[in-house]
Amino acid sequence: MTETMRGNGAAQVSAAHVMASAVVFAVPVLKLAWTLGSGDAARDALLAMGPANWVDVVIGMFFAEPVLAVVLAAVLCYIGYAYRAAHGGAARHQGRALAETAARAAIVPGALGVVVGAFNGLWWGVAAGVLGYLLRLGVVAEYRTGARSTATGRRTGKPAVAFGARAVEAVRVAALLLSLVVLPALSVVAALDGRSWTSVLVCDVDTGGGPQRARLVELDRQAAGVVGWDVPAREVVSGTNCAVDPDDVLRDPWWRR
């Protein structure tokens, strides 16, 4: 593929790609800092968790919020498919039957739908899979209707006059709005809602003055107990004899302060 195609073919999804990456990597840090009360607390928690457990924050945050999980899954489906199509995928599949292309486009949305459904329930999984699939079909339709060139990946400027062309344009706009507006907005709201991203436990903690019951945010599992963030004491401690606290609210949401 030429440099022109690489530079311009994925121009309309590059911003969405950057936004999704920023959300996945930056928003969990915001979640830690706000929920635990400060940047120093977030740093201590990250050091205690270790790199291997960093993904727990991402999983806990994005898949504990059903709407956020559905939007993230749909955006990932759209970005990956549109980027590959603009980088030659559409040209390679030009001679393929529409039914085969549509079937192949369903694989990733189906997989992400299973993941979202496992965390949040069947119908949330169905919603994630269907929405992601519709966005992918919109990309297929752009190339099939001539709205986007299979040779360069660029939009051709062909006016959307017929109903089908207008529907394709509406799907494209919806995908960009989900990627650039809805996903970051939902992510920030989830980061600042004051709820824990993981289990909240009540454990025996001994910091030198004898064991006491304390409320901990679980950071890591150990054979004898857990490493957790002591909410009242605001420090990383080891806890044993833990019981789950059903209340996962650690701090008031940002909008109530």
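In what order do the 4 strands close into a barrel, and is the pairing parallel or antiparallel? Select the strands of this predicted model and follow them around: the order is S1-S2-S3-S4, and the pairing is antiparallel. Neighbouring strands of this sheet are turned against each other by 65° on average, with direction ignored.

Next, select strand S1 (residues 200–205) together with strand S4 (residues 235–244), which pair in the antiparallel sense over 4 bridges; from here, pick out Leu-201, whose bridge partner in S4 is Val-244.

Now turn to the largest nonpolar core, which has 33 residues, and show Phe-62, Val-75, Tyr-78, Val-116 and Leu-183, the members that touch the most others. Two or more residues come from each of helix H2 (11–36), helix H4 (54–62), helix H5 (66–92), H8 and helix H9 (163–191), and H5 gives the most, with 12 residues. Centre on Val-75, which, leaving aside its neighbours within four places in sequence, is in contact with Ala-20, Leu-178, Ser-179 and Leu-183.

Finish with helix H8 (residues 122–144), whose 23 residues reach 32 Å from the first C-alpha to the last, close to the 33 Å expected at 1.5 Å a residue. Colour its buried residues, which include Gly-125, Gly-129 and Gly-132 as well as Arg-136, Glu-142 and Tyr-143.

Methods: Residues numbered from 1 in each chain as written. Predicted model: local features only at pLDDT ≥ 70, side-chain atom pairs only at ≥ 80, totals over all residues. Heavy atoms only, no water. Expected span 1.5 Å × (residues − 1). Buried < 20%, exposed > 50% of the residue type's maximum accessible area, 1.4 Å probe, protein only. Core = buried A, V, L, I, M, F, W, Y, C linked by side-chain atoms within 4.5 Å. Contact = heavy atoms within 4.5 Å. Pairing = 2+ DSSP bridges. Axes fitted to C-alpha atoms, helices over the stretch in contact; angles between N-to-C directions.
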